[in-house]
2 protein chains.
Amino acid sequence: MRTRLRRLPERGSHDWDVISAILDEALVCHVGFPGDGGAPVVIPTAHVRVGSMLYLHGAPASRMLRTVGSGVDVCVVATVLDGLVLARSLFHHSFNYRSVVAFGRAVEVVDLEEKRRALMGFAEHVLRGRSAEARQPSAGELKATRVLALRLDEASAKVRTGPPLDDAEDVALPIWAGVVPVGLGIGTVVAETPSLPLPASVRGAECDVRFGGRVFDAASSVENAG
Amino acid sequence: MRTRLRRLPERGSHDWDVISAILDEALVCHVGFPGDGGAPVVIPTAHVRVGSMLYLHGAPASRMLRTVGSGVDVCVVATVLDGLVLARSLFHHSFNYRSVVAFGRAVEVVDLEEKRRALMGFAEHVLRGRSAEARQPSAGELKATRVLALRLDEASAKVRTGPPLDDAEDVALPIWAGVVPVGLGIGTVVAETPSLPLPASVRGAECDVRFGGRVFDAASSVENAG
């Protein structure tokens, strides 16, 4: 059981609701697989969870998909960063985060209907409602996409929340401590089709839990970032 | 040379400025290493780049650090997500992103002065100026921290920017296409020491390129997220 929680077990969870929520919130995951000679390779990629299955996809020529689909042991991680934890001591600085680590062996999805549903799922995972707005995949596109499925039966979550945990003897030090929350937000949309109204999927992004209502103006951000 | 760019080479780069900027912007990385029996394990963790070295750290009992420090081949990935790329066709949906994949073997840092500098570096990586504000590491804390160093001599970057790339025959379809920029922002600080003024490191976060001037109000975000 590789998902035995080894360090800081109070931060670990096998709770399915926690695991599935993290997988659904994270926009990308990181997939570890054995590369040439067996040394590990890690690649960031899109994913979608449908029930207890995690799907990955891409071009049939992708080395990652060819290897991961060949039945080797893989490890998939999804991470959401929630805050910078600033303690009084450097030693206790940390992050608030939620992550899932899943182990298993993926299988290639060959059934065209399951493939089509998975492709819709990737778009839905990015923005709810998007899969119905876009042009549906053609038979040729389904063939030109490799879809892999990993059953999530060996997954665990780790979560850190809350304030910094300083040593008792440091609490009275005149050093500022606290948490700086961080999270993904959305910026001003760049339309390729300015004559068309903003679709419901994009308008809904403001209410998407992944972006927590955090809307920023990309143009002014660039100025501020100076 | 494992960092040969295999797919979509036009998105790849061995440019050091690109690589170092991505490593510096990403707040966490994902480390792949061989677990028990050799199957890959991937763990999210903090990192800091100092020159051409990438440092990792944690408790000496951490399985990840024990294994990664034992001289095995590892793969470290840092990913920054920049946008949701919504094409007219489902098939061409994508992300704008920047990622670095680095291969190598890490060594444990035993020199106390290099360890101390690395620990300062982790805090500086989180927020510029923080390492000087916080209580410095004691000799005991330095001993209670394992620091690993990976030389970045086999690293490459992948970057996707710009609009969706639809097939020519889809461009006239009445389907909205465009990019929804996404990025990390910072929320309302939660102070543990409300009687102390906000330190320069936290005040400076607004101007940190990682947050691009994106400031959101955590309280209202939660309401909006409903």
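**Exercise 1. The surface of contact**

Task: In this predicted model, determine through which surface the copies, chain A and chain B, meet.

Solution. 
Step 1. Compare the interface residues of the two chains: 100% of those of chain A are also interface residues in chain B, so the copies meet through the same surface.
Step 2. Count the residues that take part. Chain A contributes 93 residues to the contact, and chain B contributes 93 residues.
Step 3. Find the element of chain A that gives the most to the side touching chain B. This is strand β11 of chain A (residues 178-186), with nine residues.
Step 4. Sort this side of chain A by class. There are 58 nonpolar residues, 22 polar residues and 13 charged residues.

**Exercise 2. The relation between the copies**

Task: State which rotation superposes chain A on chain B, and with how much shift along its axis.

Solution. 
Step 1. The rotation is one of 180 degrees, the shift along its axis is 0.0 Å, and the RMSD is 0.0 Å.
Step 2. The two copies are therefore related as by a two-fold rotation axis.
Step 3. Locate the axis from chain A: the C-alpha nearest the axis belongs to Leu184(A) and lies 2.2 Å from it.

**Exercise 3. A sheet in chain B**

Task: Give the strand order of the open sheet of four strands in chain B, and explain why one side of β4 and of β8 has no neighbour in the sheet.

Solution. 
Step 1. The order is β4-β5-β9-β8, and the pairing is antiparallel.
Step 2. In chain B, β4 (48-50) and β8 (107-108) stand at the edges; each has a single partner strand, so one side of each is left without a neighbour in the sheet.
Step 3. Turn to β9(B), residues 146-151. Two bridges join β8(B) to this strand, while six bridges join β5(B), residues 53-58, to β9(B). Both pairs run antiparallel.
Step 4. Read off the residues opposite each other. Glu108(B) faces Leu148(B) in β9(B), and Val107(B) stands opposite Ala149(B). Tyr55(B) also stands opposite Ala149(B).
Step 5. As background, strands of a sheet pair through backbone hydrogen bonds, either parallel or antiparallel.

Terms used: Residues are numbered from 1 along each chain as its sequence is written. Chains are lettered from A and ligands numbered from 1 in the order in which they are written. This is a predicted model: local features need pLDDT of at least 70, side-chain atom pairs count only at pLDDT 80 or more; totals for chains, interfaces and linings use all residues. Two strands pair if DSSP finds at least two bridges between them. Copies are superposed by least squares on the C-alpha atoms of residues with pLDDT of at least 70 in both. Two residues are in contact if their C-beta atoms, placed from the backbone, lie within 7 Å. Ala, Val, Leu, Ile, Met, Phe, Trp, Tyr, Cys and Pro count as nonpolar, Asp, Glu, Lys and Arg as charged, and the others, Gly among them, as polar.
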